[in-house]
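Please keep the sequence and the model in view while reading.

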Amino acid sequence: MTPRSQRGAALLTAMIIVTLIASLAAGMVWQQYRAVQIEAADRARAQSAWILQGALDWARLILREDAKAVDHLGEPWAVPLAEARLSTFLAADRTVASDEGPEAFLSGSIEDAQSRYNLRALVGGAKVPELEQRVLERLCSQVNAPPGTAAVIIAGLREAFPPASGASPPDGDSRPLQPAGLDQLSWFGLDADTLRRLQPYVVLLPKATPVNLNTAPREVIAALFDGVDLATAERLVQGRKAKPLQNLASDAAAYLPAAALTQATDRASVASSFFIVTGRLRLDERQLEQRSLIERRDQNMVVLDRERVSQLLDR
């Protein structure tokens, strides 16, 4: 081999070695970068979970302190928590100024779940009560849901929650899964727009509950009773702002006709046991929302369900 060929081979070998070293170095840098990203994501996830758990504990404390015979929208639990900055508490170094930490903001609210019509009233018996069927039909009509929406909901719920017969289900039972919340009614074939329209007025709770007339919107009150229109329901809504209903039989009589009061037994009340707690954490470009269903059992606040939704905010 000539000296020129030897020099060419040595140069080629050196170039191959440099390429390999550069590739290995790039791979190591990439792995280190990914490790830092994963660690930061895990830390942010843990921080978010603790903060949202703190917001849930705050809501449970308020509901425990407010355990009274009457629940209305003038109580502390009904006041939303305005968005507050928490960057100082999330800073990695406590000595770092809050402006140098990640931008984190917390907000939240507590909603009376019994301000909505509970779809549980449609299941459990041998057949659907005619009054409850009319209630759902009126609600679907008020929100301009597609024709037949009430029938689809009733048929789906009756199939998912058959009356208790004491017999075990047959092998290969093809009953649909039992929905745990309103969003899962899409299993029955309802589209997202219909569910969005119904969401402010209906709820699916673990057991049958009355509607709280101190917190229910006028649409729910008007649909709950035969012969009550939106104007009558609006008078009750305006009246309870000045003086919440303390006794269903006496106070509601000032707003509702006598025929409606006869339908109020076990279907309406002035107190609530189920509440929906929503906590929102906005961290940099993401927002994490946690919705929890709480049942108040005297002084015990039991979390029945919890759902977290992560969203990427538009910039």
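The structure is a predicted model, in which local features need pLDDT of at least 70, side-chain atom pairs count only at pLDDT 80 or more, and totals for chains, interfaces and linings use all residues. Residues are numbered from 1 along each chain as its sequence is written, and side-chain values use heavy atoms, with hydrogens and water left out.

**Overall composition**

- The chain has nine helices and nine strands; helices (H or I, at least four residues) and strands (E, at least two) are DSSP runs, numbered from the N terminus.
- Of its 315 residues, 38% count as buried, where buried means under 20% relative accessible area, exposed over 50%, and partly exposed in between (1.4 Å probe, protein chains only).
- The accessible surface comes to about 18100 Å², and 56% of this belongs to carbon and sulfur atoms; accessible areas come from the Shrake-Rupley method with a 1.4 Å probe, and for residues only the protein chains shown count as cover.
- Among the contacts with a separation of 6 or more, 62% are between residues 24 or more positions apart; contact means heavy atoms within 4.5 Å.

**Strand β7 and its partners**

- Strand β7 covers residues 274-283, and eight of its ten residues are buried, so the strand is largely enclosed by the rest of the structure.
- Strand β2 (residues 104-112) pairs with β7 in the antiparallel sense over nine bridges; two strands pair if DSSP finds at least two bridges between them.
- Glycine 108 has glycine 279 in β7 as its bridge partner.
- Strand β8 (residues 286-297) also pairs with β7 in the antiparallel sense, over ten bridges, and valine 277 stands opposite serine 292 in β8.
- β7 and β8 form a hairpin with two residues between them, and aspartate 284 in the turn has a positive phi of about 55°.

**Helix α3**

- Helix α3 (residues 130-142) has 13 residues and reaches 18 Å from its first C-alpha to its last, close to the 18 Å expected at 1.5 Å a residue; the expected span is 1.5 Å times one less than the number of residues.
- The buried residues of α3 are Leu131, Glu132, Val135, Leu136, Leu139 and Cys140.
- An α-helix has 3.6 residues a turn, so residues three or four places apart point the same way.
- The cover over the buried residues of α3 includes β3 (117-118), α4 (149-160), α5 (192-198), β4 (202-203) and α6.
- Asparagine 144, which follows α3, has a positive phi near 60°.

**Helix α7**

- Helix α7 (residues 230-242) has 13 residues and spans 19 Å from its first C-alpha to its last, close to the expected 18 Å.
- Thr232, Ala233, Leu236, Val237, Gly239 and Arg240 are buried in α7, and the buried residues of this helix pack against α6 (218-224).

**Surface residues**

- Leucine 20 lies in helix α1 (residues 3-65) and is exposed, with a relative accessible area of 52%.
- Tryptophan 187, in the loop between α4 and α5, is partly exposed, with a relative accessible area of 45%.
- Leaving aside neighbours within four places in sequence, tryptophan 187 is in contact with Leu177, Gln178 and Pro179.
- Tryptophan 187 and proline 176 are eleven residues apart in sequence and 8.2 Å apart in space, C-alpha to C-alpha.
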